[in-house]
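Hi,

Here is the structure I promised to pass on. My notes on it follow below.

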Amino acid sequence: KQMIRFILLQNRQGKTRLSRWYVFYEEAEKVKIQSEVHRIIVMRDSKHTNFLEYGNYKIIYRRYAGLYFAFCVDVNDNELSYLEYIQFLVEVLDQYFSNVCELDIVFNFHKILPLLDEMVVGGEIMETSKNQIIFALRNLEGLD
């Protein structure tokens, strides 16, 4: 079974704009991981693939405008399925925010975390229907 260990959304300067951890890491370790992942991704030549080994795991990432979307997954997981899921996440964000940008993520993280929780539960992909995810978020907004 495929398992996401964590998801990071970072800007080009290395600031983590959103993170979701599906396994326990000490706070100091999280900071170290975020810094290492950013450094590795930013220094990587664009001619290389969008996945790389990271310890006993793999980082699958994509850059959209000024943001890097990175998933840490088990080493035997399918890279292409995660690249596709990152694309799907961006499409959902685009639909929800009408063309998402970094500031949308910074100022609306309280909406994006429930969105991620609709999509990924306990590190496993649970929802792949854009309409279902947007519907669930609109229902949550109605509760405010």
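Which residues does valine 37 touch, not counting residues up to four places away in sequence? They are Phe6, Leu8, Gln10, Tyr54, Ile59 and Ala70, where contact means heavy atoms within 4.5 Å.

Before the rest, some ground rules. This is a predicted model, so local features need pLDDT of at least 70 and side-chain atom pairs count only at pLDDT 80 or more, while totals for chains, interfaces and linings use all residues. Residues are numbered from 1 along each chain as its sequence is written, and side-chain values use heavy atoms, with hydrogens and water left out.

Now the core. Val37 is among the residues with the most contacts inside the largest nonpolar core, along with Phe6, Ile59, Phe69 and Phe71. That core has 49 residues (a nonpolar core is a set of buried Ala, Val, Leu, Ile, Met, Phe, Trp, Tyr and Cys residues joined through side-chain atoms within 4.5 Å; buried means under 20% relative accessible area, exposed over 50%, partly exposed in between, with a 1.4 Å probe and protein chains only). Helix α2 (residues 79–97) gives the largest share of this core, eleven residues (helices are DSSP runs of H or I, at least four residues, and strands are runs of E, at least two, numbered from the N terminus).

Tyrosine 64 sits in strand β4. Leaving aside neighbours within four places in sequence, Tyr64 is in contact with Phe69, Ile86, Gln87 and Val90. Tyr64 and cysteine 101 are 37 residues apart in sequence, yet 9.2 Å apart in space, C-alpha to C-alpha.

On cysteines: Cys101 is partly exposed at 38% relative accessible area, whereas Cys72 is buried at 0%. The whole structure has zero disulfides (pairs of cysteine sulfur atoms within 2.5 Å).

- Alanine 65, in the loop between β4 and β5 (67–74), has a positive phi near 50° despite not being glycine. Ala65 is exposed, at 69% relative accessibility.
- Serine 98, in the loop between α2 and α3 (102–107), also has a positive phi, near 55°. Ser98 counts as exposed because its relative accessible area is 60%, and exposed means over 50%.

Cheers
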